[in-house]
Amino acid sequence: MNTGPLPGSVRTKRRPPSAEAGKVLVLDRVRIERALGRRARYKYVQPRVEREGPGWKVVSPNCSRNVDAAGGEIGIAWFVPDGDGRWRLHARDHAQGCWVLKAAGLTLDEALGRLCADPLREFWQ
C-alpha cells in the first residue's frame, strides 16, 4: 500500500503560525496608520501607532492640554484582536490610568471608523 503523496500532488511546507500572524499584525498597523489621516479631530497632530500587548496603541501629543498641561504624548486608543477578524476598541481613562473597553466584536474598519469620527470625544480629548 502506497502512503506517499498522490501522483501530481505537491507538498508545501507550512510556515509557523507566528510568522504568518506577525505579517498580519504589521498589515493591521499600516491600516491603522492610514486611517488616522481621516480622523475628524486634531488633524494637525501626528499620532503614532505602537505595539501594546497583543494589539496596537495610538499615541498622540495632547495639544488641547486637557489631559497633559505640558502637551506631552497620551494614549488615545488601543486595538486588541479578538480572533476571527474581530477587534476590541478601548479608550484611555487618563484620570484612572487605565484602558476602558468601548466596543467589542468590531471589524478593524468599524473600529477605525469609531476612532476617527469620535462624535462623543471618547478618544480625542
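Q: How many residues lie between E3 and E4 in their hairpin, and which residue in the turn has a positive phi?
A: The E3–E4 hairpin has two residues between its strands, and Asp84 in the turn takes a positive phi of about 55°. Strands (E, at least two residues) and helices (H or I, at least four) are DSSP runs, numbered from the N terminus. This is a predicted model, in which local features need pLDDT of at least 70, side-chain atom pairs count only at pLDDT 80 or more, and totals for chains, interfaces and linings use all residues. Residues are numbered from 1 along each chain as its sequence is written, and side-chain values use heavy atoms, with hydrogens and water left out.

Q: OK, and how many bridges join E3 to E4?
A: Six bridges join E3 to strand E4 (residues 86–93), and the two run antiparallel; two strands count as paired if DSSP finds at least two bridges between them. Within this pairing, Phe79 has Leu89 in E4 as its bridge partner.

Q: What about E4 and E5, which residue of their turn has a positive phi?
A: That is Gly97, at about 70°, in a hairpin with four residues between the strands. E4 and E5 pair in the antiparallel sense over six bridges, and Arg92 has Trp99 as its bridge partner in E5.

Q: What's the strand order of the sheet?
A: The open sheet has five strands in the order E1-E2-E3-E4-E5, with antiparallel pairing. Its edge strands are E1 (48–52) and E5, each of which pairs on one side only. On average, neighbouring strands of this sheet are turned by 25° against each other, direction ignored; the axes are lines fitted to C-alpha atoms, for helices over the stretch in contact, and angles run from 0 to 180 degrees between N-to-C directions.

Q: Which strands does H2 touch?
A: H2 packs on the sheet and touches E2 (55–61), E3, E4 and E5, with its direction at about 135° to that of E5; contact means heavy atoms within 4.5 Å.

Q: Which residues of H2 are buried?
A: In H2 (residues 108–117) they are Leu108, Ala111, Leu112, Leu115 and Cys116, where buried means under 20% relative accessible area, exposed over 50% and partly exposed in between (1.4 Å probe, protein chains only). These residues cover an arc of only 125° around the axis, so they are on the same side of H2; the arc is that of the directions from the helix axis to the C-beta atoms.

Q: Switching to rings, how many aromatic pairs are there?
A: There are two; rings of Phe, Tyr and Trp (its six-membered ring) pair if their centres lie within 6.5 Å, with planes under 30 degrees apart called stacked, over 60 edge-to-face and the rest tilted. The rings of Tyr42 and Tyr44 are edge-to-face because their planes stand at 80°, with centres 6.0 Å apart.

Q: Is Tyr44 buried or exposed?
A: Tyr44 is exposed, at 58% relative accessible area, whereas Tyr42 is buried at 18%.

Q: And why is the Trp78 and Trp99 pair called tilted?
A: The ring planes of Trp78 and Trp99 are at 45°, with centres 5.9 Å apart, so the pair is tilted. Trp78 lies in E3 (residues 73–83) and Trp99 in E5 (residues 98–106), so the pair ties together parts that are 21 residues apart in sequence.
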